[in-house]
Amino acid sequence: QKVSGLHTQNRRLAVGGRDGVLNLLFSYGGESADGEYPGSRLTQGRQIYSRVKFLRPGWSLELGDLYNKRSVGAHGGVVPRITNDFESIYQRLGATVVDSDARRSTKRNDVFATFRRDRGGAGRNVTSATAGYSSQRFEYRRQADTLTVRSTALFFRLSHALARTRHRLTFDVDGSTNTASPRSDDLVFVNETDSRLLATATEEIRFGALHALAKLGLETRVDGTQLVGKAAVRQSFGPAVFGLEASQTAQPISQIDRTGLGPFLAPIDEVPIGPNRLVRTTLSVAAGPLDLTVLGTLTGNATWTDYFATEDPDSVRAAVGTGTLRVVSAGLDFGYRRQAQRGFYFTAQPTVFGASKTGDALQELYRSTVPDFYAVASLGIRYLIFQRDLDLDISIRGRFWSEFAGRAFHPQSGLLVIPVEGARPVETSATLDLVVTGG
């Protein structure tokens, strides 16, 4: 079950003899769920957001605070009622779990302030500056021990945009400093600080049905500096729209890659910086109630990292793959009356995946984590009931996948890791769901 509410109001406020507008906003959201098995219950999910914003002609000042709290069961795996070989992980009746009392909880608070100045009016010459502070506490608790990770972050963003009739030039600088302090009942970890600075320049051009974008910048971390960039074009041809995008980014590295997690996860000796490259193309066509999109993606990661399970169920290892990891995917997105307000509709999204075969053992393990083929389809109907007071959407959703290894959950760190070679795969199967939404 979920509940959410939002309240906002505007008040006129004169400062220095000139009128302005004071905007107040407050929202609350909460959720809970029983979960499929013992030890998987979401006992508490809370989000509170408050913001104060003062607006004057040409500038604004905004102060905000976002608080999140989440506590969820973190059992160590399902034990089916049938102890010998079983056909499906979905045999829920009578199933038990390992470490049914284990729980993961996260508390996070983000505070920020933003100043925005529009010198020319109408968004043609805009400068903005944002600074903030984040604090987070993660805890994994079970009967054997308790692991706690406290982290803090300081971040800022500077942006300046110049807009004209057909183009927009934007300069951005983003920076952050993060500090993590893990603790355990029996172990003491080393605190680690990580800093990052990203500076980019982006040019956007719009000319009739053509939209083009070019971005170039540098990302600097403690591990080194990487050139980043992106080029994209989108062109309409009557009922058809063609898109092409290419980008290069730095290898995303998390704090746990550098510090490890005591006996559960060893740190990476030499953290790679990248580059990671991506090419994506799309072609969309619409004709009456029908629409079809063809899309393809190719990624190439020169230095990639991932997490791998070991024979010890409590520990995992982080490893850097050798050789460029290339992954390709292609798919269709078909719809009939997709956006219809009333009546029947149908959508289908089949997708195929593939990865380069290099003979590298780590790449072969990575390749097995996703199915070669995956498809989702929905057939539904939308209509009004109760004298047009309730907008109801009822659909049957089917999903199909080919055999794949998937990923294993590591409760101590909350990571989804690549299983050991020879682990039981997720077999070829399909599911059928009844989905009912109303509002």
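**Entry 1. Second largest pocket**

I began with the lining of the second largest pocket: β7 (103-118), β8 (125-141), β9 (146-163), β10 (167-184) and α1 (255-259) each supply at least two of its residues. Helices (H or I, at least four residues) and strands (E, at least two) are DSSP runs, numbered from the N terminus. I note that this is a predicted model, where local features need pLDDT of at least 70, side-chain atom pairs count only at pLDDT 80 or more, and totals for chains, interfaces and linings use all residues. Residues are numbered from 1 along each chain as its sequence is written, and side-chain values use heavy atoms, with hydrogens and water left out.

I looked up the volume next. The second largest pocket holds about 560 Å³ of space. A pocket here is an open set of points on a 1 Å grid over the protein atoms alone, where a 1.4 Å probe fits, with protein on both sides within 12 Å along at least five of seven lines. Lining residues have an atom within 4 Å of a point. The volume is the space filled by probe spheres set on the points, and grid points are joined across faces, edges and corners.

Which residues come closest to the centre of this pocket? I found Gln136, Val149, Ser151, Gln255 and Ile256, out of 24 lining residues. The lining divides into 8 nonpolar, 14 polar and 2 charged residues.

**Entry 2. Hairpin β8-β9**

I followed two of the lining strands. β8 and β9 form a hairpin with 4 residues between them. They pair in the antiparallel sense over 17 bridges. Two strands pair if DSSP finds at least two bridges between them.

**Entry 3. The chain overall**

I counted 2 helices and 26 strands in the chain. Its C-alpha atoms fill a box of roughly 75 × 60 × 50 Å, taken along the principal axes. Of the 439 residues, 33% are buried. Buried means under 20% relative accessible area, exposed over 50%, and partly exposed in between (1.4 Å probe, protein chains only).

**Entry 4. β23 and its partners**

What does β23 (390-401) pair with? I found strand β22 (residues 373-385), antiparallel over 12 bridges. I also found strand β26 (residues 429-438), antiparallel over 10 bridges. Leucine 384 stands opposite aspartate 391 in β23. Glycine 398 has leucine 432 of β26 as its bridge partner.

Phenylalanine 404 sits in the loop between β23 and β24 (408-410). Is phenylalanine 404 buried or exposed? It counts as buried, because its relative accessibility is 18%. Its C-alpha atom is 5.4 Å from that of valine 426, which is 22 residues away along the chain.

Alanine 430 lies in strand β26. At 48% relative accessibility, alanine 430 counts as partly exposed. I checked its C-alpha separation from valine 228, 202 residues apart along the chain, and got 40 Å.

**Entry 5. A three-stranded sheet**

I traced an open sheet of 3 strands, in the order β15-β19-β18, with mixed pairing. The edge strands are β15 (265-266) and β18 (305-309), each pairing on one side only. β15 pairs with strand β19 (residues 316-320) in the parallel sense over 2 bridges. In one of these strands, β19, valine 316 is the bridge partner of leucine 265.

**Entry 6. Rings and a charge**

I found 5 aromatic pairs in the structure. Rings of Phe, Tyr and Trp (its six-membered ring) pair if their centres lie within 6.5 Å. Ring pairs link Phe54, Trp59 and Phe115 into a cluster.

Arginine 382 lies over the face of tyrosine 345, at 3.8 Å from the ring centre. A charge sits over a ring if NZ of Lys or CZ of Arg is within 6 Å of the ring centre and within 35 degrees of the ring normal.

Arginine 337 is not a glycine, yet it has a positive phi of about 55 degrees. Most residues other than glycine have a negative phi. Arginine 337 lies in the loop between β20 (325-336) and β21 (343-355). It is partly exposed, with a relative accessible area of 27%.

Leucine 61 lies in strand β4 (residues 59-73). At 38% relative accessibility, leucine 61 counts as partly exposed. Leucine 61 and arginine 183 are 38 Å apart, C-alpha to C-alpha, and 122 residues apart in sequence.

Key. Phe/Tyr/Trp six-rings, centres within 6.5 Å; stacked < 30°, edge-to-face > 60°. Nonpolar A, V, L, I, M, F, W, Y, C, P; charged D, E, K, R; others polar.
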